Every structure is written in C-alpha cells, then in structure tokens.
Amino acid sequence: MAAANATRNKVGTWIGFVVILVWCLLPVAWIVSLSFKGPGETASGSPQFLPKTWTLQNYRDILGFGTVTPGQENTHQDFLDALRNSFGIAAIATVLAVIFATLAAYAIARLEFKGKRLVLSLALAIAMFPVVALVGPLFDLWRTLHLFNTWPGLIIPYMSFTLPLAIWTLSAFFREIPWEMEQAAQVDGATSWQAFRKVIVPLAAPGVFTAAILTFFFAWNEFVLAISLTSTTASRTVPAQLSFFVGPDPFNPPYGLLAASSVVVTVPIIIIVLLFQRKIVAGLTSGAVKG
Amino acid sequence: MVNIVKQYGDGFPAVNDVSIDVQDGEFMILVGPSGCGKSTLLRMIVGLEDITSGDMMIGDRRVNDLAPRDRNLAMVFQNYALYPHLTVYENIAFPLRLAKASDEEVDRKVRDAAKTLELEEHLERKPGNLSGGQRQRVAMGRAIVREADAFLFDEPLSNLDAKLRGQMRTEISRLQKRLGITTVYVTHDQTEAMTLGDRVAVLKRGVLQQLATPRELYENPGNLFVAGFIGSPPMNFLPVTVEGTSAKLPFGSVELPPEKAAKAEGKGLLMAGIRPEHFEDASVKSDRGAGSTFRARVDVVEWLGNETYAYIPFEAPPEVEDQLRQLERDLDGEALHTQLVVSLDGASRIREGEEAEIWVDGSKMHLFDPATGDNLTVDREHAGRIPAHAMEEAQAQPAAAG
C-alpha cells in the first residue's frame, strides 16, 4: 500500500515537472527553431514546429558573416552596435549600483541613524514607481542636460531603479553576518575599512552576486527607457534595436531575424546565471560561529 | 600591568566604578551571574565598547581613546568569530597579514601556533568543517600569533559540551602557563573560575564584590553574594541569633569559637553561612572535635557513592526570607523553598524521611549581617580585596543585561 503510494507520488511529481518544463521552455524552443527557418517558411500560413530546411542565414544577417541577404546589409552593423551598447550600459550600471548599494546597505545594517526607516521606505517607494511615468520628464531633462542618446543617459535611470532592490537584498545579507566577525577583525588589527573589505564583503558575496545579477538583468532587458531616451545606435540597446527590425515589407516582419537576435541576447544571460549560480548559494557563513 | 578604573553608563550603568589591577602574566577571571557586566567590562578593555569615564591603562599607556587595533590585545570570542571564507591557515594568519608580515614570517608563526594547538592537519580546511573544539583552538591560534600584550577570553567554553569543556579548560591553563601571558577571562561558570584563575573578581550588577584568589573566595567570602555564588552545592544560609558563644539555628544551637561570637555580639538576628561539607552524619563522624550536633528530619537523600547529599527543609522567619529569595534571584537560582543541603560521608546510612543526628563544625561558620550582606566574621588578611558596601551598591543598580 505504502509502496503503491510512493510510486504514485513519484509519477505525479514527474508529471508536474514535465508540465512545468514544457510550459516554460516551449516558447524558448519555438524561438530557437524559428531562428533557423528561412523567410519562406516563417511567412507561410501554416508554420510547422521544426524547420523543413535548417539555415544559418538569420545568424549570418545579424552577426554579419558569410553572405548577407540583399536588403539586410546594415542590419548586422546596427545589431552589433546595439549589443555593444547593451553590454556596456548594463555592466557599468551593475558595477556602480552594486558598489553604492553595498556601502548603503552596510550603513543601514550596522549603524543606527536618524531617518534610517525613511531611507528604506523611500528606496522601496522608488522601486514601486512606474517607469513609464518618468519617461516624459526624463526625456525633457536629458535633452536639456545633453544626456539624451548617451550611455550615461541610460545608466543613471537604470541605477536608480535597481539600487532600491539591491540595497534591500544586501542589507538583509549584511544583517545575517554576525557582528563579532567584524569586531574580531578589528581586534586582530584591522581598520574599519579593512574589516569591511576583507571580512564583510567576502561573507556577503552571495548577496553581492544576487544584487549584481538582478541589476544586470534589469538593465539588459529594459525597453521603455531604452526606446525613449535614445535616437541612434550610438546608445540604443538590443531590446530597443529589435523593434527597428521591420524589414522591407511592413506586413511581413522578419521573424527569423528577430528570433535569431533574441537567441543571441539570451545566451549571455544564460552564461551569467550558470557562472554565478554556485556563488549565489547562500549559507557561506555556516561554520563562522557555533554550528 | 592594567589598572582599570571605569564607570559606564548610558542611563544604564552596566559596569559601575570597577577598579581591577591585573598583574603581568596573571590569569585574572571575571565571574558573575548573567547580566553582571563582566562581558561589557572585557569589551571595554579590548575597545569594542566605549568607556564613559575612568581610565583604562595598559602598562603606563592610557588606552581609553585608542581603537581596538591599536591596543595590541588578542581576544577569543564566545562564538569564536572565525572567518568562514578563509582556511584555518588564513584565519590564523589574518592578524599577521594585516600587520603586513612577510610570507615567510607568516608561515613560520602560523605553523608554530598550529603545532602548539595540534591543528597541523587541519590547516587547509575551512572552519565550517571543524568540530567545536577545533574551532575553539583555531580562535586561540589567531590570538597566539599576535604576540599581544594580553589575551582576553569571553566565555570561550560555553559552547562546548561538558567533556570537551573540561579538556579545553586544562588546555587553556597549560597554554597560559607556558606562554606566561597576561590573561583576562570572562565566565559565568564557577568551576572555570576556581580552576583557572590566579585571582578571581566576582561581579554583581556591574559592581565588584570581591577580588581574591579562588581559595580566599571560598574560605573567606566578603559578603552573602560571594558566599552563595562560589561553591557547589552552594553555601547554606540560615537565620541565627548569637547569645554568648552559642548560635541558635532553626535546628538547635551550635557552639561558636569565642572570637567569632564576639563579632556578632548584640547584633540580633543574623544570617549564618555554612558550607555543605561542614556538616556530617554524627553516626559516622568518629572525631567530633569542636562541633555540635542537632537532630533534624531529612527530606531527600542523594547518594553519589563517595558522598551523600541530604536535604533538610526549614522555615525561615519572614525577616530573612525576603533576603534569601532576593539572593536566590541574584544567583540565577529557582529554589522553591528554604532548605539545608548537607554533604555527608558516602558511608552514611541515613534514609529519606528519617530523623537523623547531624554534626556541624561551628568554627567554619560565617555570620552575615542580613541588612548589608557583609560577612562579619571575615578574615580580612586572607580575603583579597573587598570593596566596602559592595552588595548594597549592587542592590541599588537596576538589573542589566550583558
């Protein structure tokens, strides 16, 4: 009886797994398969799941190797520019946001100061503010300040939108670290800064990486600000650039190209997650104090 | 080497006007029930806690305003505070790396310390994979390599199980003797205090009660609090009135030596303190000596082989009952009723519920003033330093945490 129950549980669990996997991965698989289809197939009325003839032409067009489809000569240049912008803007925004957030979160976790709650609630309020509401004012402001269509023009708003979340995440991590660690370091001869850098930051590494990844994803995927605050490929990021891939026929968008671009921009995200997932594993402080 | 006078208060005087002079190379113990300010005192020495007033002297240097890193002290924390992201080797090397020691010097010192503490085979492991005792040794290793002016221990053994605690206690004692380094050790465990310390400072609510060697504390407690805190099972406190040379206890009279009786002359109702081992079953006591005997009904008997604890309940008059209850609270105790604990010879055949004849050594009896708590019969020559009115002052303090 018990064995039968266990088997039933197992089967149920696996069915659950499969359903969720299919639900999540089917669109991804669809995009991957689309990216290998030629324009003839994507334009036909009844597209099948797998390509009839596999082609790398979409990737050739956006990355600019081999023979490029006529009419798409500039696509790869625009796409590569956008990719460069995305990388640069996301990376700089991430680094700056994490540095500021680490310092701010440390202060919030360790120090008692007036207005601490105010800072935290304000940060939360900013995080809840709808991005769209800021597009208009920012557009005007950036044009006056000559930040329109520049990297800083995107880095600054990305930072301010990701800082609150980063601060909240990090201050939770800092609070977890026993204060004795730092005191021990001070007794051992460290200055406050050394204690922070050599003991606290390494211990908060999972938190720092979590915050960094969240910030990077936000900046990498962001669309509304990217499309509104840029005008050329000098600073336009990939999500915004994709919306300009319309092709010669307005009724026939180049689905293959779009799918290939989506695959290309997804790859870095997957790589980052794979690289850092080990670092994100919390519980690094186990063994610090009595276990 | 250290001459400390300090007051501390943020509306909450955790440590109040304590002066302790720790000699070079001495093993000083700070002991007291929880919330007596002993840890706060230690943290003030090392510089993690601000000093409100008074002077903290190391050698002839005033260190009140120095940061912890400039005081050249090494501390072992209660939870060890090892750095989990570093190996044992790097944990021990941490203070040296901060001091910018050369790699070769670091290696030599770390290996020396590891050898002393038998940590050699664990050097490449992370603290998370070590047992409690090993972590404890790593924490000590980190303190040793500093070559600091003094070691400070904050209840280092309280996280270990009983067996390991005994071993580490011996280990700490041996290490301290070999290195000959001044040590201040905080504990709430009186066994640690008695066995480790050259001198012991007993604190209560931030006030120093007595500063003496363990033997002096045991034989000549300065007041009721010290008497009740030191010793296990604790000293018995009984209401007593002294007439001539005989002391009237709830069970009967006991003859006192004349010089002790003289000190209690005309004081009315007093508190008598007698250690459990100064009682004996009259039937197994061959040499009755100067003692007296009385008969009492034994409530509970605990036979431990080498000795027997017998419990004899008694009714305390209301004047002293309050005082006894207060004392019990101060000592973190929870006794429900007033009883006498006597330690008898293992050969004693007294059974529960029996009326037995008990012998008591009157010459070892202490007499305390119930109002002030002072020991009237203290031998001041052999009692170390007893600040006047320590108990009354402590009583006036609000109970503190820490």
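Within what distance do the axes of helix 8 (residues 179–187) of chain A and helix 9 (residues 192–203) of chain A come, and at roughly what angle do they cross? In this predicted model, the two axes come within 9 Å and cross at roughly 155 degrees. Angles over 145 degrees count as roughly antiparallel, and helix 8 of chain A and helix 9 of chain A are therefore roughly antiparallel to each other. Their crossing is right-handed.

On the helix 8 side of this contact in chain A are M181(A), E182(A), A185(A) and Q186(A), which meet A195(A), K198(A), V199(A), I200(A) and L203(A) of helix 9. By class, the residues of this contact are six nonpolar, one polar and two charged.

Chain B and chain A also touch each other, with 26 residues from chain B and 22 residues from chain A in the contact. On the chain B side, strand 6 (73–76), helix 2 (88–98) and helix 4 (132–144) each give two or more residues. The classes in the two contacts are as follows.

| Contact residues | Nonpolar | Polar | Charged |
|---|---|---|---|
| Helix 8 with helix 9, chain A | six residues | one residue | two residues |

The largest nonpolar core has 158 residues, and L170(A), L152(B), A201(B) and A272(B) have the most contacts inside it. Helix 7 (residues 151–176) of chain A supplies the largest share of this core, 12 residues. A second, separate core has 11 residues, among them L34(A), F79(A), A82(A) and A259(A).

Beyond its neighbours within four places in sequence, A272(B) is in contact with L238(B), V240(B), A247(B), L249(B), M365(B) and L367(B).

Technical notes:
Residues are numbered from 1 along each chain as its sequence is written. Chains are lettered from A and ligands numbered from 1 in the order in which they are written. This is a predicted model: local features need pLDDT of at least 70, side-chain atom pairs count only at pLDDT 80 or more; totals for chains, interfaces and linings use all residues. Two residues are in contact if their C-beta atoms, placed from the backbone, lie within 7 Å. Helices (H or I, at least four residues) and strands (E, at least two) are DSSP runs, numbered from the N terminus. A nonpolar core is a set of buried Ala, Val, Leu, Ile, Met, Phe, Trp, Tyr and Cys residues joined through C-beta atoms within 7 Å. A residue is buried if 20 or more other C-beta atoms lie within 10 Å of its own, exposed if 12 or fewer, and partly exposed in between; C-beta atoms are placed from the backbone. Axes are lines fitted to C-alpha atoms, for helices over the stretch in contact, and angles run from 0 to 180 degrees between N-to-C directions. Angles under 35 degrees count as roughly parallel, over 145 as roughly antiparallel, 65 to 115 as roughly perpendicular and the rest as oblique. A crossing is left-handed if the near helix is turned anticlockwise from the far one by less than a right angle, and right-handed if clockwise. Ala, Val, Leu, Ile, Met, Phe, Trp, Tyr, Cys and Pro count as nonpolar, Asp, Glu, Lys and Arg as charged, and the others, Gly among them, as polar.
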